[in-house]
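Welcome, and thanks for taking a look at this one.

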Amino acid sequence: MITASDKLNRELKERLERLAVCDRDYWSFKGNSRREHGHGFFQYPAMMVPQMARAILAEVCAVHPETKWVFDPFAGSGTILTESMLMGLSFAGCDINPLAILLCRTKAGPFFHKALADKVHSLLDRIKTDMDSQIEIDFAGRDKWFRNDVQIALSKIRRAIKYETTIWARRFFWIALAETVRVTSNSRTSTFKLHTRPSFEIATRSLDPIEQFQRVVERNLEHLKTQSEYLNSNGYLNRGHYTKNIELSLGDTRKLESSDGKRFDIVITSPPYGDNVTTVPYGQYSYLPLQWIDPSDIDSNDITEYLRSTHEIDYRSLGGSQRISEDDTSFLSERSQSFCRLLKQLSAEPPDRLKKVTAFFRDLNRCIVPILEKLRAGGLMFWTLGNRRVAGKSIPLDAILTEMLEHEGAVLLTRLKRRIPSKRMAIRNNIAETMRAETILVMRKAM
Ligand SMILES: C[S@@+](CC[C@H](N)C(=O)[O-])C[C@H]1O[C@@H](n2cnc3c(N)ncnc32)[C@H](O)[C@@H]1O
């Protein structure tokens with residue numbers, strides 16, 4: 001007997017697969033990955049292509065018009081957040097990186113672009129008339145990572161932002177400052193890791209942080225204006241505030257709270273593809289910008305512990321702690337045949353490599369039950385995943401995660417393939433090689 005949910009599964013699968021019938025590369029969004037609206041605020045590593053999230057949401061809402069809540073347990077820069085807002089949906093997101101949560105909070109609004117334009121004007125005025133050369137921040141490595149003239153300029157920007165009285169405007173300015181720090185620090189921008197430039201280059205680089213900040217803040221203001229006009233014309237704003245719900249939390253997805261009984265309709269996410277240190281070190285990447293931002297504007301909880309060292313956020317992320325036990329290995333092996341096969345393939349490799357791979361899958365698996373508990377019965381999941389290589393062998397993240405989710409009763413509807421035309425990955429890295437393809441797993445939680 002064909003049930004109502006079989007019909008819906010078939011319809012969704014057909015709709016998603018049909019998109020790639022005429023254009024094999026549909027899901028790659030080659031030449032069509034422009035980042036407008038809040039998407040363009042900041043260059044966060046491994047951001048999802050907005051057009052892909054948009055296509056997924058459009059198909060889900062066509063099959064399930066009752067969809068209200070979208071959940072991203074690895075929210076990052078908030079691509080899914082912005083796309084959910086553009087469709088008038090409520091959104092919940094979590095991330096372990098304070099910079100990611102600040103980005104999401106900024107992107108959530110409010111959208112007072114006219115008032116913000118005035119504030120930008122006075123802020124730039126304050127910065128340009130500030131003759132003080134006092135440095136506003138101190139941390140180990142400050143002089144290694146920033147030239148003195150850059151520290152003085154960034155301090156002027158920081159003082160001016162702190163002078164602003166509204167938190168929504170300060171957050172908007174902090175993001176522009178974060179982007180300015182990223183390009184004016186002594187760390188190379190060709191890698192996500194902290195990596196100093198040669199001293200000759202540091203001494204001779206022509207840098208104007210204030211001009212850079214002005215460019216970013218004016219560009220971001222344009223993005224905010226475009227988004228605010230779009231939201232307004234669709235009736236999703238009331239006096240500049242988004243009319244649906246947005247819930248954001250700084251924290252570990254392994255420890256999500258489910259006691260509030262809230263259930264979301266759909267999960268769209270892209271988790272890390274391996275431990276941060278060997279794949280994308282989101283924490284290292286965020287470390288310098290976070291030094292310049294007032295932590296109390298990011299979260300009401302104290303975040304100083306996150307900045308204890310350049311490695312702290314990465315250590316707290318999936319696969320960050322490599323203390324594993326035999327039990328971890330057998331627990332995962334019971335859940336995934338593909339994981340068992342991988343262990344055999346890697347058995348001749350140094351134990352450290354095996355530990356890193358196992359620790360990552362142990363932590364990813366620890367997220368599954370908390371995520372499923374947040375999803376309504378029969379809710380849909382879209383996981384964008386890449387299979388990186390370790391010791392020349394492909395790590396089948398897509399197959400392992402499918403099996404781990406199936407172990408908890410979820411059902412695989414389809415796998416969509418996409419090529420990555422120009423994704424910035426950790427290139428100078430002999431463990432994680434550049435990935436050329438990704439899979440979108442489409443699964444449904446058991447009824
Ligand atoms: C691939 S990125 C997500 C990118 C996002 N889709 C975007 O478009 O910006 C993965 C995210 O997972 C986060 N992460 C890693 N471990 C985590 C954990 N244990 N709990 C919550 N978030 C975690 C990282 O900080 C990173 O922002």
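This is a predicted model: local features need pLDDT of at least 70, side-chain atom pairs count only at pLDDT 80 or more; totals for chains, interfaces and linings use all residues.

Residues are numbered from 1 along each chain as its sequence is written, and side-chain values use heavy atoms, with hydrogens and water left out.

**Asn9**
- Asn9 sits in helix H1 (residues 4–18); helices (H or I, at least four residues) and strands (E, at least two) are DSSP runs, numbered from the N terminus.
- Asn9 counts as buried because its relative accessibility is 16%; buried means under 20% relative accessible area, exposed over 50% and partly exposed in between (1.4 Å probe, protein chains only).
- Setting aside neighbours within four places in sequence, Asn9 is in contact with Leu413 and Arg444, where contact means heavy atoms within 4.5 Å.

**Helices H13 and H16**
- Helix H13 (residues 326–335) packs against helix H16 (residues 397–407) at an angle of about 85°, with axes 8 Å apart; axes are lines fitted to C-alpha atoms, for helices over the stretch in contact, and angles run from 0 to 180 degrees between N-to-C directions.
- H13 and H16 are therefore roughly perpendicular to each other, a label for angles of 65 to 115 degrees.
- Leu332, Glu334 and Arg335 of H13 meet Glu403, Met404 and His407 of H16.

**Strand S2**
- Six of the six residues of S2 (residues 90–95) are buried, so the strand is largely enclosed by the rest of the structure.
- On one side Ser90, Ala92 and Cys94 are buried, and on the other so are Phe91, Gly93 and Asp95.
- Strand S1 (residues 69–72) runs parallel to S2, joined by four bridges.
- Trp69 has Ser90 as its bridge partner in S2.

**Backbone features**
- Most residues other than glycine have a negative phi, and most peptide bonds are trans.
- The peptide bond from Gly109 to Pro110 is cis, with omega near 10°, and Pro110 lies in the loop between helices H4 (98–107) and H5 (113–129).
- Arg239 has a positive phi, near 50°, and is exposed, with a relative accessible area of 77%.
- Ala391 also has phi near 50°, but counts as partly exposed at 26% relative accessibility.

Notes. Angles under 35 degrees count as roughly parallel, over 145 as roughly antiparallel, 65 to 115 as roughly perpendicular and the rest as oblique. Two strands pair if DSSP finds at least two bridges between them.
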